[in-house]
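I opened this entry to record what I looked up in the model. Notes follow in the order I took them.

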Amino acid sequence: MKKLFIVFLLTSLSIVGYGQRNNQVDKEKLEAARVAFITNRLSLSPDQAAKFWPLYNEYQEKRNAMTREMRQISKKGEEEITNEEAEELIEKRFKLQENLLVAEKNFTRKIASNLSAIHALKLEEINRDFTRHIYRMHRKQRESKSESSNN
């Protein structure tokens, strides 16, 4: 129960910070809320968390770099390009997607071997739950702002 309260508090603080920055995400608060949420939902002990978070952060850095590259490819596709250039961009995107899958497999295997397969399996859904939670809180905050400005 205490962990749940901490998660709720950190998540609430991240959303309040989010709203106070004119729709700019306060990345530190958001990441603190993510850490609390995932740690709580996976029921990680301090020893497990010490093993988990370096692996998670390393994977997220790799994943973010690859998704940035894919966005750059998509932007190039919006420009006037030749058919050959489009084919090259498609191949680059496929290679990035393959690399992304390899990185995810390696990360999942590391989590399964360092913690457990159950933790590895639950993690994807927990990440989606966190994202949904943030979106819901943001939507409620926007709705309450629009209601207060209409009054």
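Predicted model: local features only at pLDDT ≥ 70, side-chain atom pairs only at ≥ 80, totals over all residues.

**Helix H4**

I find 32 residues in H4, and the distance from its first C-alpha to its last is 46 Å. That is close to the 46 Å expected at 1.5 Å a residue.

I then looked up which residues of H4 are buried. They are Leu 89, Leu 96, Leu 100, Ala 103, Phe 107 and Ile 111. I noted the general rule beside this list: an α-helix has 3.6 residues a turn, so residues three or four places apart point the same way.

**Nonpolar core**

Next I went to the largest nonpolar core, which holds 27 residues. Ile 38, Phe 52 and Phe 107 have the most contacts inside it. H2, H3, H4 and H5 are the elements that give two or more residues to this core, and H3 gives the most, with nine residues.

I followed up Ile 38. Leaving out residues up to four places away in sequence, Ile 38 touches Phe 52, Trp 53, Tyr 56, Leu 123, Ile 126 and Asn 127.

**Largest pocket**

I looked at the largest pocket last. Its space comes to about 800 Å³, and 26 residues line it. Nearest its centre lie Arg 34, Tyr 56, Gln 60, Arg 63 and Asn 127.

Which helix gives the most to the lining of the largest pocket? I find that H5 does, with 10 residues. H2 (27–41), H3 (46–77), H4 (83–114) and H5 (117–150) each supply at least two residues of this lining.

I also sorted the lining by class: 11 residues are nonpolar, seven polar and eight charged.

Technical notes
Residues numbered from 1 in each chain as written. Heavy atoms only, no water. 1 Å grid on protein atoms, 1.4 Å probe; cavity = no way out; pocket = protein on both sides within 12 Å on 5 of 7 lines; lining within 4 Å. Points joined across faces, edges and corners; volume = space filled by probe spheres on them. Helix = DSSP H or I, 4+ residues; strand = E, 2+ residues; numbered from the N terminus. Nonpolar A, V, L, I, M, F, W, Y, C, P; charged D, E, K, R; others polar. Expected span 1.5 Å × (residues − 1). Buried < 20%, exposed > 50% of the residue type's maximum accessible area, 1.4 Å probe, protein only. Core = buried A, V, L, I, M, F, W, Y, C linked by side-chain atoms within 4.5 Å. Contact = heavy atoms within 4.5 Å.
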